[in-house]
Amino acid sequence: MRYVNVLAAAAAVVVGFTGSLTAAHALSLPEPAPIPGLLEIIPAGETATGTTLTVTYRADEKAAPVVMQLTCDPTGGDHPRAADACAALAKAEQGSSDPFAKPEPDQICTYIYGGPQTARVVGSWNGQGVDASFSRANGCEIARWDAIEPVLSPTAPAAGKK
């Protein structure tokens, strides 16, 4: 599988504007090494399959991040709630909703603070690239969080809390 060399493409654009490099120089850049936690570039016409996510959870801004790997179909990774997390994603898929979509810019959200927790999810879900941030800063963000809470948090919420 060939991946697009982003650096070479950027250098080629620079060549067009500056003329200081030749196209041969721009295209001879080495293939960049993969950076853990970033999405791979999927070539045109190809799609990834399955669910492979890296979830970074913080209990609050001072807490050390908890980084978890999650795969679904089959369930795996080191996520402590992998089965529940995959079930939450399957439920979202059955409801035809994108659990990683941001609220619409004109959506009215209640001014409710749900807690200091934050999470970032990067990877692929059912073959679609994911790079989403979550918080509990208002009613819309709380609803997004609660819809896939097992994905975002390494531990279940205390009884009576969400």
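Mentor: Gladly, and keep in mind that this is a predicted model.

Trainee: What joins D73 and P74?

Mentor: The bond between D73 and P74 is a cis peptide bond, with omega at about 10°. D73 belongs to the loop between β2 and α3, and its phi is near 60°, a positive value in a residue other than glycine.

Trainee: Why do those two points get flagged?

Mentor: They are flagged because most residues other than glycine have a negative phi, and most peptide bonds are trans.

Trainee: And is D73 buried or exposed?

Mentor: D73 is exposed, its relative accessible area being 70%.

Trainee: Which other residue has a positive phi of about 50° although it is not a glycine?

Mentor: That is N126, which is found in the loop between β3 (115-125) and β4. N126 counts as partly exposed, at 30% relative accessibility.

Trainee: Okay, switching to charges. How many salt bridges does the count come to?

Mentor: The count comes to four salt bridges, and one of them pairs E149 with R81, where the closest N and O atoms are 2.8 Å apart. E149 lies in helix α5 (residues 149-152) while R81 lies in the loop between β2 (66-72) and α3 (82-94), so this pair ties together parts that are 68 residues apart in sequence.

Trainee: Are E149 and R81 buried or exposed?

Mentor: E149 is buried, with a relative accessible area of 7%, and R81 also counts as buried, at 12% relative accessibility.

Trainee: What about D146, which residue does its side chain meet in a salt bridge?

Mentor: The partner of D146 is R136, at 3.1 Å from N to O. Since D146 is in helix α4 (residues 139-147) and R136 is in strand β4 (residues 128-136), the pair ties together parts that are ten residues apart in sequence. D146 counts as partly exposed at 24% relative accessibility, whereas R136 counts as buried at 4%.

Trainee: And where do E141 and R144 lie?

Mentor: Both lie in helix α4, three residues apart, which is about one turn of the helix. E141 and R144 form a salt bridge whose closest N and O atoms are 2.9 Å apart, and both residues are buried.

How values were computed. Residues are numbered from 1 along each chain as its sequence is written. This is a predicted model: local features need pLDDT of at least 70, side-chain atom pairs count only at pLDDT 80 or more; totals for chains, interfaces and linings use all residues. Side-chain values use heavy atoms; hydrogens and water are left out. Helices (H or I, at least four residues) and strands (E, at least two) are DSSP runs, numbered from the N terminus. Buried means under 20% relative accessible area, exposed over 50%, partly exposed in between (1.4 Å probe, protein chains only).
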